[in-house]
Amino acid sequence: MPNLGSQALGAFLATAGSLTLADRKLIVDQALLLIESNYVHLPMKEAMYAANPVRRLRLLRTRLDRQTATAMEPEWLFHWQVSSIFHSVRDLHTNYLLPAPFAGQIAFLPFRIQKAHDAGADHYIVTQILSGFHAEGFDVGAEITHWNGIPIARAVAVNGARFAGSNTAANLARGLDSLTLRPLLIQLAPDEEWVTVSFVGNDGAKREVRAHWQVAPNLPPATDHDAVTVAATSMGLDLDSDEKSRAMKLLYRPDVVDLEEGQSSAELAEPVAVEGADIATTMPGVFRARAVNTPSGTFGYVRIFTFNVNDPVAFRDEFVRLTGQLPQNGLIVDVRSNGGGHIFAAEFLLQTMTPRTISPEPVQFINTALNLRIVRRHKDNPTGQIDLGPWHESLEQAAETGATHSAAHPITPAAGANEIGQTYHGPVVLVTDARCYSATDIFAAGFADHRIGRILGVDDSTGAGGANVWTHGLLANLLQLPAPADAESPYRALPNGANLRTAIRRTLRVGAAAGTPVEDYGVQPDALHRMTRNDVLGENVDLLAAAGQMLASMPVRRMDMVIEASATGTATIGLTVAGIDRIDLYLNNRPRISQDVTDGNVRLTLPDVAPGQRLSAYGFAAGELVAARRATI
């Protein structure tokens, strides 16, 4: 196996267990503070799942009061109790983050399993094996039948029930992932030090193999989630998925780790191609772009592994550059297993694939005295990092009206979400799964709400996580900045590097679904494709064929534009159009020309133009806006 600085699970756990009784009480007290005073989904979770995390935390606190420093329960039991309470609300944004030595570590087995659906049944296939791990017949393509003697489908379901997915598909997806990979920051260490796996090899023989859990440091996160920065305060991230994504890169894509020099989502000075067919990218840990051949034609394909970047404009611009080099007759955007990240990055991307104006999804705080206190402090954006002014008035009024939530306003600035407009004019298919969460849920919801294209799901829904998430450390810092600090802040520093996260602002849909929460509902696809053995072992060949078939059934638009400005104050606009019957030209947002057109080349002349003016061209088909271009004269 690669040299990861790993150690056996048993040896690692021997170093755990340094929380004092006072430490445990402090963690529970601060967890109560977050759940009662900051957690935006608490009323909905209580109603939907009959969850009562506040009562359970108070009971745990009472039991801690009955313990003594010399007769405490084992530390693993304390972590299990707190984690169980957080998992009960089925919200992957709201977490107990374990202290040292667990934080920053991953536990892993030396192989990966994926589910394939063939011949009317699910199959669990070995798709990756770490170099250095060998067992007779245990090769890529082997099918797992039992896990420690439990039929594999049941083992996945039992494991998934421990986690916080908002729907069955999300629970099962996470249950499968966590059979072989667990970020110890957010998941408890495995109970067993090794597993016995029963499998059928590629030769048809039935065998068993024993695999031992190992523990190693994970790659560092892309963002400091406790810092008062635009990135941290605009975060929509499933931390479990983000940790697993970095771990998968560490374990199975060391070439990408080397390119990024160990820094997650790093932007390189020069583009590189990770695979032979890929288009070179400056963000190899974020994007994969290439042309794909399907039975329905050749189309563009972009995989977006994460939205967890610090510069959403650079992220958007790299997407534009990559898609500009792909076939323009259709684009597959694949966000499977993307746990989210910077909400700006997700919503800035939408404009590039539609002529319509993007309305970023609005968010709400829950009305509490502590949230009002934080919003008052940052209503005028004194740090230059977070402007909470739009929510201030409604939270002040809620103290009198008793409204449960504040008014809804977007986190993403509308100007940024519409800054460059449409750059890709072909039809688009979005590919999703149950691991899509947080900012990726927001992206998928915006894609659907703005009718950008069609959605092909490998699961019945996205992960259904709709919120902006803040850490306990960030909340504490918001009451410390700007100086002077709030001397009566209720937030207390947590011991041994422990942390807590909470969904602080909930996301609402726009468009036809306006006002519907994303949380617990997610985004449903237009069509469903169950992953096949060919998919998991052969570069998603059947999935891409299904996406290509969808693209081939959608209309293809084209609107290329060239401007020829003259010294006499006129400009000739050369357009090449397809699938468009009318062109409207605007100069500095004022209408100048509207002309019916047919497919082919069109030349339009604009008088009275000056250098630096903004030209916008809008293409219509049967009265519907279907394409747009922007340029500066």
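This is a short tour of the structure, stop by stop, with something to select at each one.

Before you start, note that the model is predicted: local features need pLDDT of at least 70, side-chain atom pairs count only at pLDDT 80 or more, and totals for chains, interfaces and linings use all residues. Residues are numbered from 1 along each chain as its sequence is written, and side-chain values use heavy atoms, with hydrogens and water left out.

**Stop 1**

Select β1 (7–8) and β8 (181–183), the edge strands, each of which pairs on one side only. They belong to an open antiparallel sheet of four strands, ordered β1-β11-β3-β8. Strands here are DSSP runs of E with at least two residues, helices are runs of H or I with at least four, and both are numbered from the N terminus. Two strands count as paired if DSSP finds at least two bridges between them. Two bridges link β1 to β11 (residues 214–217) in the antiparallel sense, and Ala8 sits opposite Gln214 of β11.

Axes are lines fitted to C-alpha atoms, for helices over the stretch in contact, and angles run from 0 to 180 degrees between N-to-C directions.

**Stop 2: the nonpolar cores**

Which residues have the most contacts inside the largest nonpolar core? Select Ile144, Trp147, Ile304, Val333, Phe443 and Trp470; the core has 119 residues. Helix α2 (residues 21–37) gives the most to this core, with eight residues. Another core, of 23 residues, lies apart from it and includes Leu585, Leu587, Val602 and Leu604. A nonpolar core is a set of buried Ala, Val, Leu, Ile, Met, Phe, Trp, Tyr and Cys residues joined through side-chain atoms within 4.5 Å. Buried means under 20% relative accessible area, exposed over 50%, and partly exposed in between (1.4 Å probe, protein chains only).

Centre on Trp147: beyond residues up to four places away in sequence, its contacts (heavy atoms within 4.5 Å) include Leu109, Phe111, Ile152, Leu179 and Val195.

**Stop 3: two packed helices**

Select α12 (residues 343–350) and α16 (residues 439–449), which pack at an angle of about 20° with their axes 9 Å apart. That angle makes α12 roughly parallel to α16 (under 35 degrees; over 145 is roughly antiparallel, 65 to 115 roughly perpendicular and the rest oblique). On the α12 side, show Ile343, Ala346, Glu347, Leu349 and Leu350; they meet Ala439, Ile442, Phe443, Gly446 and Phe447 in α16.

**Stop 4: a three-stranded sheet**

Move on to the open antiparallel sheet of three strands in the order β24-β25-β28. Its edge strands are β24 (558–565) and β28 (600–606), and the twist averages 20° from one strand to the next. Eight bridges join β24 to the antiparallel strand β25 (residues 571–578); Arg558 has Ala578 as its bridge partner in β25.

**Stop 5: backbone details**

Most residues other than glycine have a negative phi, and most peptide bonds are trans. In the loop between α17 (472–478) and β22 (499–507), find Pro482, joined to Leu481 by a cis peptide bond with omega of about -10°. Pro484 is in the loop between α17 and β22 too, and its cis bond to Ala483 has omega of about 0°.

Finish with Asp520, whose phi is positive at about 70°. Is Asp520 buried or exposed? Asp520 is buried, at 9% relative accessible area.
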